[in-house]
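Thanks for coming, everyone. Today I'll talk about salt bridges. Let's bring up the structure.

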Amino acid sequence: MNTDSMARFTDTPLWNAKNNRKMWPMYLKGVTDEQRRIAVPIQNPLPQALPPTYIETAEFDCLHDEGLAYAKHIEGVAEYVEINETKGTFHGYDILAKHPITRDSVKKRIDFMKSIIYLNGLDCPHCAEKIALKCGKINGVSKADMDFINKKMYISHSCDKATLI
């Protein structure tokens, strides 16, 4: 992709536009045209629906703009898209596991995953709605939405997992 971030970040640590240009011919060596097309998700037709999606970008990453473009591309198809644009970071920044930015991003990733609750075996729509209403009243929960057909509940919260359980 020819994006602003690809043009700007040619010498950033770990991964940059120069590395990216070298990687593609190696990655795609010996593949068919169909495999080449599939290798780039934004160039593929979208399914009718996608699950909730979390996209994280690094500020000084040659792939930053591609991440945002993909988020925009799947809007309306994904149940919802959550974007975490990290500041002061480069591609692979989370190798610094103890850095506050990494810790914050890991927390956001976990919170996103915890916000999606699958309810297998629930066969009563009325009961499902009652569960969502009760969950919405938990201290720290700002929203609880039930998707009965897909047996999922989405919870927006600021509390820890132990409070939800």
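**Salt bridges in this model**

Searching the whole structure turns up 7 salt bridges. Keep in mind that this is a predicted model. I'll walk through three of the pairs.

Start with R37 and E34. Their side chains form a salt bridge, at 2.5 Å from N to O. Where do R37 and E34 sit? Both are in helix α3, which covers residues 33-38. They are 3 residues apart there, so about one helical turn separates them.

Next pair: R109 and D94. This is a salt bridge too, with the closest N and O atoms 2.9 Å apart. Here the pair links distant parts of the chain. R109 lies in helix α5, residues 100-114. D94 lies in the loop between β2 (81-86) and α5. The two residues are 15 apart. On accessibility, R109 has a relative accessible area of 23%, so it counts as partly exposed. D94 is partly exposed at 32%.

D145 comes out at 35% relative accessibility, which means partly exposed. K143 is also partly exposed, with a relative accessible area of 45%.

One last point, on networks. Which residues are joined by salt bridges that share partners? They are E56, D94 and R109, in one network.

Technical notes
Residues are numbered from 1 along each chain as its sequence is written. This is a predicted model: local features need pLDDT of at least 70, side-chain atom pairs count only at pLDDT 80 or more; totals for chains, interfaces and linings use all residues. Side-chain values use heavy atoms; hydrogens and water are left out. A salt bridge is a side-chain nitrogen of Lys or Arg within 4 Å of a carboxyl oxygen of Asp or Glu. Helices (H or I, at least four residues) and strands (E, at least two) are DSSP runs, numbered from the N terminus. Buried means under 20% relative accessible area, exposed over 50%, partly exposed in between (1.4 Å probe, protein chains only).
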